[in-house]
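Open the model in your viewer and keep the selection tool at hand. We will go from one selection to the next, with a short note on what is there at each stop.

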Amino acid sequence: MCNEQLLNKLLTRRYLDRIGMWNMKTPQKIKMFIWKATHNILLEEETNEHALLLCDWTKTVWFGSQIQCTPNKQNVKLIRVWLQEMLRKCNQGNKSEAIQNWSKIDIILWAIWKARNEKVYQNLEPNPESTINYDRVLELNYLNLAKESNNEIKE
Ligand SMILES: [Zn+2]
């Protein structure tokens with residue numbers, strides 16, 4: 001691993017630890033992506049807030065997802081602040097539910113990011129429905145993997 005990768009990994013870990021998100025059941029690459037998204041280093045021409053939360057098609061994805069949150073101009077100023085508010089809400093439930101829900105939010109962000117990149121690099125119009133489907137597949141994969149690894153530890 002080169003120095004820059006190592007530094008990114010440390011910064012990601014420290015930041016996610018601090019805001020209480022290190023326990024997310026998602027792969028390293030998604031954690032790293034969340035860190036970048038909350039530090040405004042993903043995009044140049046548009047804000048992360050618009051690309052991931054406020055663009056019309058992404059709002060449809062958020063609303064159609066199991067999380068059913070509705071980002072809008074009033075409740076989203078900075079993605080970092082919005083995420084922390086979501087974390088606070090998730091934390092009102094029990095711990096394992098909270099971790100699942102944070103993970104789901106991260107996976108939706110990731111699915112939106114992937115669809116947005118297809119638009120930019122392959123000129124494919126983002127489709128909310130297929131993004132939601134992709135999100136569900138990822139959720140099933142990651143959350144099942146996480147369950148399996150938890151069971152292994154218990155046994
Ligand atoms: Zn837009």
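Select helices α2 and α6, which pack at an angle of about 80° with their axes 10 Å apart. Helices here are DSSP runs of H or I with at least four residues, numbered from the N terminus. Axes are lines fitted to C-alpha atoms, for helices over the stretch in contact, and angles run from 0 to 180 degrees between N-to-C directions. α2 and α6 are therefore roughly perpendicular to each other, a label for angles of 65 to 115 degrees, while those under 35 count as roughly parallel, those over 145 as roughly antiparallel and the rest as oblique. Show the side chains of Ile 30, Phe 33, Ile 34 and Ala 37 on α2, and of Asp 106, Ile 107, Leu 109, Trp 110 and Trp 113 on α6: these make the contact. Two residues are in contact if their C-beta atoms, placed from the backbone, lie within 7 Å. The residues of this contact divide into eight nonpolar, no polar and one charged. In this scheme Ala, Val, Leu, Ile, Met, Phe, Trp, Tyr, Cys and Pro are nonpolar, Asp, Glu, Lys and Arg are charged, and the others, Gly among them, are polar.

A word on what you are viewing: this is a predicted model, where local features need pLDDT of at least 70, side-chain atom pairs count only at pLDDT 80 or more, and totals for chains, interfaces and linings use all residues. Residues are numbered from 1 along each chain as its sequence is written.

Asn 8, Leu 11, Thr 12, Tyr 15 and Leu 16 of α1 meet Lys 31, Met 32 and Trp 35 of α2. Here the division is five nonpolar, two polar and one charged.

Now for the core. Which residues touch the most other members of the largest nonpolar core? Select Leu 52, Ile 107, Ile 108, Leu 109, Ala 111 and Ile 112, out of 27 residues in that core. A nonpolar core is a set of buried Ala, Val, Leu, Ile, Met, Phe, Trp, Tyr and Cys residues joined through C-beta atoms within 7 Å. Two or more residues each come from α2, α3 (48-54), α4 (56-64), α5 (79-90), α6 (95-122) and α7 (128-154). The largest share, eleven residues, is that of α6. Zoom in on Ala 111: leaving aside neighbours within four places in sequence, Ala 111 is in contact with Thr 131, Tyr 134, Asp 135 and Leu 138.

Move to α4, where Thr 58, Val 61 and Trp 62 are buried. A residue is buried if 20 or more other C-beta atoms, placed from the backbone, lie within 10 Å of its own, exposed if 12 or fewer, and partly exposed in between. Look down the axis of α4: the buried residues fall within an arc of 95°, so they line one face of the helix. The arc is that of the directions from the helix axis to the C-beta atoms.

Finish in the loop between α6 and α7, at Asn 123. Asn 123 has a positive phi of about 55° although it is not a glycine. Asn 123 is exposed, with 7 other C-beta atoms within 10 Å.
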